[in-house]
Amino acid sequence: MSAPGRGSALLRSSQRVCTQCARPAPRPRTTPARPHSSLLLPLSARRFYSAEATAATATTLSTPPPPPATPTTSESNTNTAPDAAGYRIKSSLILTRPPLLTRDQTPFESAFYLYQKRFNERLTAPFRRGFYFKPDTAADLDFRIKLRERHGVPAKDIGRYNPRGRLAWNDEVLVGSTTSSPSEVVDKLLADAELRVSEDGEPIAAEERVPVERPMPRRTEADEKGDVRRLDRALDRTLYLVVRRGEGEGAVWEFPTGLVPTEETLHETARRVLTEAAGPNMNTWIVGRVPVAHHVVKPVLAEDGASVVQRGEKVFFLKGRIMAGQADLSGNKYGLTDFKWLTREELQEVLPEKYYHSVRGMMELR
Amino acid sequence: MGKLPSTLLRRPSLAGSCLPTAPSSFSHAPLPSHQPPQCLSSQVRHATFVPRSRRPYQFTQLVQLSDGSTFTMRTTSPLALYKSDKDSRNHVLWQPTNKSLRNVEVDEAGKLAAFRERYGTSWDLDTPAAAKPEEAKQGAAAAAAAAPSGKDGEKEVKAEKGESKKPEAKAAAPAPAEAAAPEDPFDSLVDLISAYATDSKSMQGGLSAKDQAKKDKSGKKK
């Protein structure tokens, strides 16, 4: 289903588990109940990035343990009752479709490009027609006709601007002018591309000219119809796959998520869940084995504060790319009823607020 | 490139006409520090004209790739639209899964296939070693069939039957062939290469266009 990563050949030769996937030893928790627990720290001589900074200082400095009240983490302060067993670990895949087109230019950018083109007119050598066209050939006649229509300006996209004339300083685009817009530039180039002179050197009448076929528009049919299930929409944006779990009032939009069993790692679970949820008809690639975001749901406790009514969740998100295919929810095991391919702004409207806030950091910000 | 004007620079204090700058005067009597400069009146030009390098005139051109995607670029070509007919969008190197880009041999009359059937290909000259034992067995069987009445032939047949009954002996039989293979490293290497090449379909000889079309159809049905 997915392409192997760069290090897969190395991994295959030795072991199937990489160092990132190998789980660290459970770190000792510094709880107020066990004040001298940091004495056990030599067990975790290899400190992982996720390990507490306090543990690192204790091991490196080998000082006597600080008084138990001061350096406890906020996590152990807030939820005292639920230990690690109170949370369920989940893995989720954020499947993305990269943008297929470059984004639109901002008005400032297009104005800047026009200014640069006009500035360049003043600095370069003038255009020598005789260097490119043999005199009195059809191509030469064609170019001369078009040059006359552009009032002698050889460039096609800078408007009526003479770099060596009296008004050469007047090179900035005016407010409301469409000269600098990219679509206008393309229109002018396409109009210039159509032949004006036949092979015999006879000018072609306006009604007999063959217009050049226009390139495909930037907005597709799916954009016009507002079809959010198709992958050929919003071509200049990154799309994210979200699925709806449940029906009616209790329906929740989320990324495809599943529980991580003991014998699986996060990326394996994410890959399996995607296949089980959205079908095998997708050519996908999981970008990395390190989660790009995480989301924590606190457990719900009973009145007495001891018994857990609903277990908490820790969801780790991995990033995937789709190369080809389409999601198909028929026969999925997770009770999913619908899917959408959404941009970042549309995700904000659909996802729960805290959930979106957790995954927001991995998305493109423009 | 414009010529740098460093050679033309003159320090006004060292201009010969302004000061008595003979080295001998230094040795005799050092100049008093409060001596006013004497050559303020004569101006010296430090800046020289550096001609700008001549760059050719450039147009904006619309480039359309073979899949229809377009972009603009700056070029010296006065053509407004450039349509590419071969680029990364329809080249098999970048599009390895596109079957229509494969190099399919057009052999409608079957002439090429007939030629190969008659004369073989250069790849048949060094066939892989795996194919040889089978030929040897076939040859032995043919010899046994040719001499049915001879006692030696019967013995051989019996011996073959005996071998076929014992799987251990059969398994042991190809082992010497394998052991004999790596004697000459060049031979084994050539076998390796030729075996690799003959495995690929393109080296076996092309299909005719009809057969290829049939094959494609049957592949689609699956």
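Two strands are taken to pair if DSSP finds at least two bridges between them, and strands (E, at least two residues) and helices (H or I, at least four residues) are DSSP runs numbered from the N terminus. The model is predicted, so that local features need pLDDT of at least 70 and side-chain atom pairs count only at pLDDT 80 or more, while totals for chains, interfaces and linings use all residues. Residues are numbered from 1 along each chain as its sequence is written, and chains are lettered from A and ligands numbered from 1 in the order in which they are written.

**Sheet of chain B**
- β1(B) pairs in the parallel sense with β3 (residues 81-83) of chain B over 3 bridges, and L62(B) stands opposite L81(B) in β3(B).
- β1(B) and β2(B) pair in the antiparallel sense over 6 bridges, with V63(B) opposite F71(B) in β2(B).
- These two strands, β1(B) and β2(B), form a hairpin with 5 residues between them, and G68(B) in the turn has a positive phi of about 100°.
- The result is an open sheet of 3 strands in the order β2-β1-β3 (chain B), with mixed pairing, in which β2 and β3 of chain B are the edge strands.

**Contact between chains A and B**
- The contact (C-beta atoms, placed from the backbone, within 7 Å) takes 16 residues from chain B and 20 residues from chain A.
- On the side of chain B that touches chain A, β1 (59-64) and β2 (70-75) each supply at least two residues, and the largest share, 4 residues, comes from β1(B).
- Helix α7 (residues 182-193) of chain A packs on the sheet and touches β1, β2 and β3 of chain B.

How values were computed. Contact = placed C-beta atoms within 7 Å. Axes fitted to C-alpha atoms, helices over the stretch in contact; angles between N-to-C directions.
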